[in-house]
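Here is a short briefing on one protein model. It covers packing and backbone geometry.

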Amino acid sequence: MKPERGGFIGANWKNANMTTARAERWAIEFNGENLKLITKPDLQIVLFPPMSAGYVLRKLLQELPQTKSFGESGSFSFGGQDIAHVVGDKERLTGSHHPRLLRDLGMTYVLAGHSERRIYAGETDEIVKKKLQAAIDSSLTPVLCVGETLEEYEAGKTLDVVSRQLSALDVIPDERRQALTVAYEPVWAIGTGKSATPEIANRVCQFVRKNGRVRRVIYGGSVTAENAGSYFDKEDIDGALLGGSGENPDSFYKIARAAADRL
Ligand code: PGA
């Protein structure tokens with residue numbers, strides 16, 4: 001039990017998969033009755049949908065009688081997958097999300113530095129730092145993602161890489177870090193079916209907690225309904241960031257249930 005920190009389960013729905021039709025199906029298939037079993041004041045459950053699916057999902061979850069409580073429960077929130085790093089009223093942000101748009105969709109969290117943004121959109125630590133600042137300035141709670149590539153892992157550079165990526169937190173004063181979550185997601189484990197062992201994940205999460213001085217540290221990378229419990233049992237792992245497993249309402253529920261029981 002780690003009651004002083006609470007748990008965090010995030011579902012990062014991939015853009016390529018989550019069409020509005022699929023988001024609608026997810027909302028309908030998700031059994032609202034199960035919500036009661038996974039709702040706990042110290043367990044945060046956050047869905048990070050693509051913007052279009054986010055709109056549909058939020059509306060649906062408010063309207064469906066069996067999932068109405070979803071929106072009303074303080075433990076459930078929505079978050080954006082990305083935020084613009086140049087923010088202001090005059091900036092024209094073609095293609096990137098102004099925090100106002102995230103708030104407009106009822107989002108209160110936002111991911112920053114997911115490896116898919118670092119790799120495919122060329123986001124540097126400097127850009128990630130600006131995103132953290134933009135999130136904090138607009139009262140969104142950022143979830144910073146860190147993690148090494150396979151090459152860096154094999155070269156034994158995991159902690160060096162993670163330490164460099166954590167420097168993005170420099171913009172956040174210590175008293176505000178207490179509200180933050182960092183996700184350790186080794187790049188080689190994301191979407192590959194090759195998860196880090198709970199021991200490795202725990203060691204890096206412990207390093208992140210000590211060096212990042214944040215409240216919660218979670219693991220992400222091929223977490224499934226079958227292996228989730230083995231992470232949650234580890235002392236320094238406070239939850240998970242899910243990709244594929246969060247897109248399936250059944251495995252999402254099972255993982256959230258394991259978190260509610262163990263964290
Ligand atoms: P995965 O993705 O669970 O499918 O490996 C994790 C993520 O993208 O955060």
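Which elements do the buried residues of α1 pack against? They pack against β2 (43-48), α3 (51-63), α13 (244-247) and α14, where contact means heavy atoms within 4.5 Å. This is a predicted model: local features need pLDDT of at least 70, side-chain atom pairs count only at pLDDT 80 or more, and totals for chains, interfaces and linings use all residues. Residues are numbered from 1 along each chain as its sequence is written, and side-chain values use heavy atoms, with hydrogens and water left out.

**Helix α1**
- A23, W26 and A27 are buried in helix α1 (residues 20-29).
- Down the axis of α1, the buried residues fall within an arc of 95°, so they line one face of the helix.
- That arc is taken from the directions from the helix axis to the C-beta atoms.
- Buried means under 20% relative accessible area, exposed over 50%, and partly exposed in between (1.4 Å probe, protein chains only).
- Helices (H or I, at least four residues) and strands (E, at least two) are DSSP runs, numbered from the N terminus.

**Nonpolar cores**
- The largest nonpolar core has 68 residues; I9, L169, Y219, F232 and F252 touch the most other members.
- Helix α14 (residues 249-262) gives this core its largest share, seven residues.
- Another core, of ten residues, lies apart and includes F8, L111, A183 and I218.
- A nonpolar core is a set of buried Ala, Val, Leu, Ile, Met, Phe, Trp, Tyr and Cys residues joined through side-chain atoms within 4.5 Å.

**Positive phi outside glycine**
- S139 has a positive phi, near 60°.
- S139 sits in the loop between α7 (125-137) and β5 (141-146), and counts as exposed at 54% relative accessibility.
- S222 has a positive phi of about 55°.
- S222 lies in the loop between β7 (216-220) and α12 (228-232), and counts as buried at 18% relative accessibility.
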